[in-house]
Each structure stands twice: as structure tokens, then as C-alpha cells.
Amino acid sequence: QVHLVESGGGLVQPGGSLSLSCAASKSIIRYGMGWYRRAPGKQLELVALIDTERSTHYAESVRGRAIISRDNALNTIYLEMHSLKPEDTAVYYCNSQYSQFTWGQGTQVTVSP
């Protein structure tokens, strides 16, 4: 089973930027990978996806403000977000495209003045 550890969250002012990392315990080279988030009182949302060919897809809510990338040698995926808004406040998680792995603890992102 692959275990995931997310990091890089924190308190950010509106309009700010942040970078998240997700380290996997085993190789993820054969998997499409995604960043998900759960905002208070809302369902889990797929934010960004990167497939095995490094094609990327983004939720409408973050398109143009987010960049997902992967480093297969490090078993790590990344999410850069810019122009952050209060509605981006959530716990951010990573997992495979089909949520095949054990969920990590996530990393809290809070966007507030």
C-alpha cells in the first residue's frame, strides 16, 4: 500500500501564493495523481490531476491559478497556487486519480487577511 504525506500548507493572505508537496512511500510512476481538497462543510473536491504522461487537468475553481507537477524520481507531486482566495481555504490531500492509496493527514491551507 502506498502512504502519502502532504506538506506546505499554512496561513496565506488573499492574493498570495503557496506550494504544496505530497511524498509517496512507493513509486507512483504508473499512476495518475491528483490534489484534492475538503473545505469546511463541503464535499471532497478534485482540484488538479496529472496523468502518467504529465497531461494536466484542473477544476474550474482553480484553473489559471494552479499548477500541478510531479517528480517520479522522488515519488512526489506538487501543487503551486497563486492569487489565492478565501474560498481556497481547505485541507488539501493528494491521492491517485482513482483514490487507490491510503489517504494522508492532509495539509491545512487558510486564506485570510
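Tutor: In this predicted model, a nonpolar core is a set of buried Ala, Val, Leu, Ile, Met, Phe, Trp, Tyr and Cys residues joined through side-chain atoms within 4.5 Å.

Student: How many residues does the largest nonpolar core have?

Tutor: In soluble globular proteins, nonpolar side chains tend to be buried together. Here the residues with the most contacts inside the largest core are Leu4, Met33, Trp35, Leu79, Met81 and Tyr92, and the number of residues in that core is 30.

Student: Which strand gives the most residues to this core?

Tutor: The elements that give two or more residues to the core include strand 4 (33-38), strand 8 (76-81) and strand 10 (107-111). With four residues, however, the element that gives the most is strand 3.

Student: Which cysteine is joined to Cys22 by a disulfide?

Tutor: A disulfide requires cysteine sulfur atoms within 2.5 Å, and by this rule the count comes to one. The sulfur atoms of that link lie 1.7 Å from each other, and the partner of Cys22 is Cys94.

Student: How many residues apart in sequence are the parts that this pair ties together?

Tutor: Cys22 is buried at a relative accessible area of 1%, and Cys94 is likewise buried, at 0%. Because Cys22 lies in strand 3 (residues 18-24) and Cys94 in strand 9 (residues 90-96), the pair ties together parts whose separation in sequence is 72 residues.

Student: Is the link of Cys22 and Cys94 right-handed or left-handed?

Tutor: The angle about the S-S bond is the value to look at, and for this link it is 45°. With that angle, the link of Cys22 and Cys94 is right-handed.

Definitions and conventions. Residues are numbered from 1 along each chain as its sequence is written. This is a predicted model: local features need pLDDT of at least 70, side-chain atom pairs count only at pLDDT 80 or more; totals for chains, interfaces and linings use all residues. Side-chain values use heavy atoms; hydrogens and water are left out. Buried means under 20% relative accessible area, exposed over 50%, partly exposed in between (1.4 Å probe, protein chains only).
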